[in-house]
Amino acid sequence: MDRELVGRASPPAPGIATPAMDIKQSIRRNFARRADSYDRHAGVQRLMARELLDRVQEELTLSRRILEVGCGTGYLTASLRQGHPGSELVALDLDAALIAQARRRLGPDSQVSWLVADGEFFSQGDFDLIISNAVFQWFTNPREALQAYFQALSPRGCLAFATLGPQTFGELDASLRQAAAAMNLQTVPEIPARGFLNSQDWEDLLSRAGFSPIQMSRQIFTANFPTVPEFLRALKAMGATNPKPRPFSPRLLNALIQAYDARFRTNGSVPATYEIIWAVARK
Ligand SMILES: C[S@@+](CC[C@H](N)C(=O)[O-])C[C@H]1O[C@@H](n2cnc3c(N)ncnc32)[C@H](O)[C@@H]1O
């Protein structure tokens with residue numbers, strides 16, 4: 001039987017809920033609500049995961065204990081188990097429903113422990129590899145998280161992750177600004193990707209946490225959608241919506257769609273940019 005270790009990671013300081021904790025709850029809810037539709041829309045996340053695995057083939061072969069942060073519905077988790085059945089794996093996620101879905105995907109497996117926890121505050125363990133796909137962009141304390149992973153790695157252990165950078169959904173950001181300006185709105189709603197860290201930010205944080213050597217790579221990937229509403233529906237179905245939602249008025253939504261179409265539609269489709277960042281860092 002596989003094991004469930006609910007809440008064994010150290011939580012943040014106890015006490016009153018902070019804004020960061022509220023955001024964390026919203027991130028958790030956004031993904032949990034979309035547990036059933038996530039896999040149908042997560043083509044880019046699968047691409048990120050496959051390339052991440054390619055970058056750590058050697059580490060995977062040598063790893064006895066692996067921690068996966070933010071396993072979600074278990075796509076990367078299943079690949080880790082299929083490719084490396086001999087290693088022990090701890091798979092954690094913020095949300096119990098996502099863990100349940102990942103467990104169903106994998107079936108009983110005595111080498112896997114499941115943990116419902118905030119992966120940013122996980123400092124225990126003796127892992128040879130800590131791996132994570134499409135999660136770190138949502139972190140609210142990345143500096144502390146990387147320091148904790150450095151501690152949780154065995155000597156010469158490896159941290160490998162794929163994340164999204166601030167150029168992600170640049171078309172959406174530009175169209176939203178244009179729509180807000182056309183409507184004379186005082187404040188422009190900001191998309192979460194604007195606050196994502198870039199490759200250099202991650203490299204600096206990894207270096208300050210003590211990792212060396214660090215290999216960073218980056219790719220701009222463009223997905224195409226038949227219409228802007230279909231792109232927005234796909235974002236929602238993936239749970240990748242704003243953790244601090246500001247309701248869009250129907251007028252702003254219409255203006256956004258018009259601006260997006262006018263500026264970016266080509267050959268019958270609208271593009272959506274993903275800035276993908278991979279990091280492989282050694283202790
Ligand atoms: C885009 S999904 C990626 C899921 C999976 N890694 C994949 O590649 O399909 C992001 C996942 O990260 C989880 N997540 C976000 N912040 C987290 C945190 N601080 N600790 C643990 N999981 C987190 C979410 O609950 C969600 O399952």
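Predicted model: local features only at pLDDT ≥ 70, side-chain atom pairs only at ≥ 80, totals over all residues.
Residues are numbered from 1 along each chain as its sequence is written, and side-chain values use heavy atoms, with hydrogens and water left out.

Backbone entry. I noted that most residues other than glycine have a negative phi, and that most peptide bonds are trans. I then looked up the bond from S212 to P213, which is cis with omega near 0°, and P213 lies in the loop between α9 (199–209) and β7 (214–225); helices (H or I, at least four residues) and strands (E, at least two) are DSSP runs, numbered from the N terminus.

I next found a positive phi of about 60° at F169, which is not a glycine and sits in the loop between β6 (153–164) and α8 (170–182). F169 is buried (under 20% relative accessible area, where exposed is over 50% and partly exposed is in between, with a 1.4 Å probe and protein chains only), at a relative accessible area of 10%. N184, in the loop between α8 and α9, also has a positive phi, near 55°, but N184 is exposed at 68%.

Strand entry. I saw that four of the five residues of β2 (residues 65–69) are buried. Strands pair if DSSP finds at least two bridges between them; β2 runs parallel to β3 (residues 88–93), with five bridges, and V69 stands opposite L92. Three bridges join β2 to β5 (residues 127–133), also parallel, where I66 has L129 as its bridge partner.
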